[in-house]
Amino acid sequence: MARKTKEEAEQTRQGILDAATEVFWAKGVNRTTLSDIASAAGVTRGAIYWHFAGKDEIFNAMCNRIAPQFEPSYQRMLDSARLNAAASLWRHCLESFSIITRHDDVAKVLGIIYLRCEYVDETGSLQADSRSWISEQHRRTLAMLECAAAQGQLQAGVTAQQAALSLQALRRGLVQLWLAAPDIMPLDAQAATLLSPLFCGIFRDRSWIAEAHAGGGLTL
């Protein structure tokens, strides 16, 4: 009986997160209330407080639900980086875009983060969490580019820090543009073409394309 109760509680928790995702997307995070989420989930406010301390915690849990979908690609990148960091990074970037465009739940959560959340005083904790997430993405990207630098793959005069910031800005910008206007920027079809100029500017040669293709990644 205890096992069933635990399973039911988890189902309720996931149902609250599902409902919150839909309401956040429809109304925006700032204008969404706990009552809105409770109504959409078919539960009471008390049930929400049983699982979450408040809206910020719901938002964070919603974001954390999509993170595991990127981890297999990230681990593959780490495992292959010692052979060719540039090719591993190229493949991971394209795989990440593929995950975003092929999984509606991932795209919707990213859309909420980028397009439906105003970072003002009342959402200060969300802003702090966003900075933390951005910092973690930068740390991972920088580590790969430092590995590429150690392998002698960076162009003369290009530092790992410069390359990491440029790549992070481009990736985020492409996702935001696709979310806002998918008809203008079909990310799934254009990702390799749009990433290639930056990779050519960062890395000394184009071996990252051939090796990524040989390993099963997308190519131009």
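Contact means that heavy atoms lie within 4.5 Å of each other. Keep that in mind as we work through a predicted model, in which local features need pLDDT of at least 70, side-chain atom pairs count only at pLDDT 80 or more, and totals for chains, interfaces and linings use all residues. Residues are numbered from 1 along each chain as its sequence is written, and side-chain values use heavy atoms, with hydrogens and water left out.

**Exercise 1. Gln168**

Task: Say where Gln168 lies, whether Gln168 is buried or exposed, and which residues Gln168 is in contact with.

Solution. 
- Step 1: Find the element. Gln168 belongs to helix 9. Helices here are DSSP runs (H or I, at least four residues), strands are runs of E with at least two, and both are numbered from the N terminus.
- Step 2: Check the accessibility. Buried means under 20% relative accessible area, exposed over 50%, and partly exposed in between (1.4 Å probe, protein chains only). Gln168 has 17% relative accessibility, so Gln168 counts as buried.
- Step 3: List the partners. Leaving aside neighbours within four places in sequence, Gln168 is in contact with Ile134, Gln137 and His138.

**Exercise 2. The whole protein**

Task: How many helices and strands does the protein have, and what percentage of its residues count as buried?

Solution. 
- Step 1: Count the elements. The protein has 11 helices and 0 strands.
- Step 2: Look at burial. Of the 220 residues, 42% count as buried.
- Step 3: Look at the contacts. Among those between residues at least 6 apart in sequence, 71% join residues at least 24 apart.
- Step 4: Taken along the principal axes, the C-alpha atoms fill a box of roughly 60 × 40 × 30 Å.

**Exercise 3. Three residues of helix 6**

Task: Ser88, Ser96 and Phe97 are in helix 6. Find the residues that each one touches.

Solution. 
- Step 1: Take Ser88, which is buried because its relative accessibility is 3%. Not counting residues up to four places away in sequence, Ser88 touches Met77, Ser80, Ala81 and Met144. Ser88 and Ala148 are 60 residues apart in sequence and 9.7 Å apart in space, C-alpha to C-alpha.
- Step 2: Move on to Ser96, also buried, with a relative accessible area of 3%. With neighbours within four places in sequence left aside, Ser96 is in contact with Phe70 and Arg171.
- Step 3: Finish with Phe97, whose relative accessible area is 3%, so Phe97 is buried. Leaving aside neighbours within four places in sequence, Phe97 contacts Arg171, Leu174, Val175, Leu187, Ala191 and Leu195. Phe97 and Leu187 are 90 residues apart in sequence, and their C-alpha atoms are 7.2 Å apart in space.

**Exercise 4. Helix 6 and its partners**

Task: Is helix 6 roughly parallel or roughly antiparallel to helix 9, and which is it to helix 5?

Solution. 
- Step 1: Recall how angles work. Axes are lines fitted to C-alpha atoms, for helices over the stretch in contact, and angles run from 0 to 180 degrees between N-to-C directions. Angles under 35 degrees count as roughly parallel, over 145 as roughly antiparallel, 65 to 115 as roughly perpendicular, and the rest as oblique.
- Step 2: Start with helix 9 (residues 160–180). Its axis and that of helix 6 come within 12 Å and cross at roughly 20°. Therefore helix 6 is roughly parallel to helix 9.
- Step 3: Name the residues. Leu89, His92, Cys93, Ser96, Phe97, Ile100 and Thr101 of helix 6 meet Leu167, Arg171, Leu174, Val175 and Trp178 of helix 9.
- Step 4: Turn to helix 5 (residues 71–81). Helix 5 and helix 6 pack at about 170°, with their axes 8 Å apart. So helix 5 is roughly antiparallel to helix 6.

**Exercise 5. Helix 2**

Task: Which residues of helix 2 are buried, and why do they line one face of the helix?

Solution. 
- Step 1: In helix 2 (residues 34–41), Leu34, Ile37 and Ala38 are buried.
- Step 2: Seen down the axis of helix 2, the buried residues fall within an arc of 100° (the arc of the directions from the helix axis to the C-beta atoms), so they line one face.
- Step 3: Here is the general rule: an α-helix has 3.6 residues a turn, so residues three or four places apart point the same way.
- Step 4: See what comes next: Gly42 follows helix 2, and its phi is positive, near 75°.
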